[in-house]
Amino acid sequence: MESRCRILDAAARVYAEFGFRGATTRRIAQAAGVNEVTLFRTFGSKEALIEEAVRRQAAVLGASAASALPEHPADPATELAAFATAHLADLNRHRSIIRKTMSELEERPELAPTLTAGWEASDTVLHDYLRRLRAAGWVGDLSADDLLAAGAMLMAALFSDAMGRDFCPGFYPQPAERAPELYVRLFLRAVACRSAAPVHPEPSPAS
């Protein structure tokens, strides 16, 4: 298992730097400290190795952000800021492999679902949380499409920040550390989120 993880980590690093064509099995084997025979014995082919390496990296994107959103919302601004900060940090950590995979999607479209699995998981967690906010009365009676669109705007802002800030810094809020909080603040305005916990009327006593 340790050897397999080391190979997958090496394959992800080499692929992120050189792309599919440049990520030769020789390069990957050297980076992992094993021989090429071990690669083929373990994964069967270069294609299978690269696909699993990308999937392993992408899976991390859904993990840390998901844990920031509780089952019972109590402070949407704080909870969503923690989610946004964690998700943006994950995107930044995996920026190289995301960019490389996106640049090769026309040639290797089969990698698309592998790449997006992680942030699709985060997106699902976010939309589930938004539905809980609506059910608890934190936001207005938004339609399912409204919630989908609002969530998409927040996720798109985080993705754009991670992919574009390093070469277009003037396009994004400064300093970078405050960006998730600012995106969330505008998002909460868009969904008309209450600033305090909603008050639910007490049930009428039985006559």
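Arg131 is partly exposed, with 41% relative accessible area (here buried means under 20%, exposed over 50% and partly exposed in between, using a 1.4 Å probe and protein chains only). Its side chain meets that of Asp128 in a salt bridge, 2.3 Å from N to O. The cut-off for that term is a side-chain nitrogen of Lys or Arg within 4 Å of a carboxyl oxygen of Asp or Glu. Asp128 is partly exposed as well, at 31% relative accessibility. Both residues sit in helix α8, three residues apart, so about one helical turn separates them. Helices here are DSSP runs of H or I with at least four residues, strands are E runs of at least two, and numbering starts from the N terminus.

Before going further, keep in mind that this is a predicted model: local features need pLDDT of at least 70, side-chain atom pairs count only at pLDDT 80 or more, and totals for chains, interfaces and linings use all residues. Residues are numbered from 1 along each chain as its sequence is written, and side-chain values use heavy atoms, with hydrogens and water left out.

Side chains of opposite charge can pair when their charged atoms come close. The salt-bridge rule gives a count of 10 here. Another one to look at is Arg55 with Glu51, whose closest N and O atoms are 3.0 Å apart. These two are four residues apart in helix α4 (residues 46-60), again about one helical turn. Arg55 is partly exposed at 38%, and Glu51 is partly exposed at 28%.

Now hop over to Arg21, which forms a salt bridge with Glu107 at 2.6 Å between the closest N and O atoms. Arg21 belongs to helix α1 (residues 2-22) and Glu107 to the loop between α7 (95-103) and α8 (112-136), so this pair ties together parts that are 86 residues apart in sequence. Arg21 is exposed, at 65% relative accessible area, while Glu107 is partly exposed at 48%.

What about the rings? Searching the whole structure turns up one aromatic pair: Phe171 and Tyr172, tilted, with 6.5 Å between centres and 45° between planes. For the pair, ring centres of Phe, Tyr or Trp (its six-membered ring) must lie within 6.5 Å; planes under 30 degrees apart are stacked, over 60 edge-to-face, and the rest tilted. Phe171 is exposed at 68%, whereas Tyr172 is buried at 13%.

Charges also sit over rings (NZ of Lys or CZ of Arg within 6 Å of the ring centre and within 35 degrees of the ring normal). Arg27 lies over the face of Phe18, 3.9 Å from the ring centre, and Lys46 over that of Phe20, at 4.4 Å.
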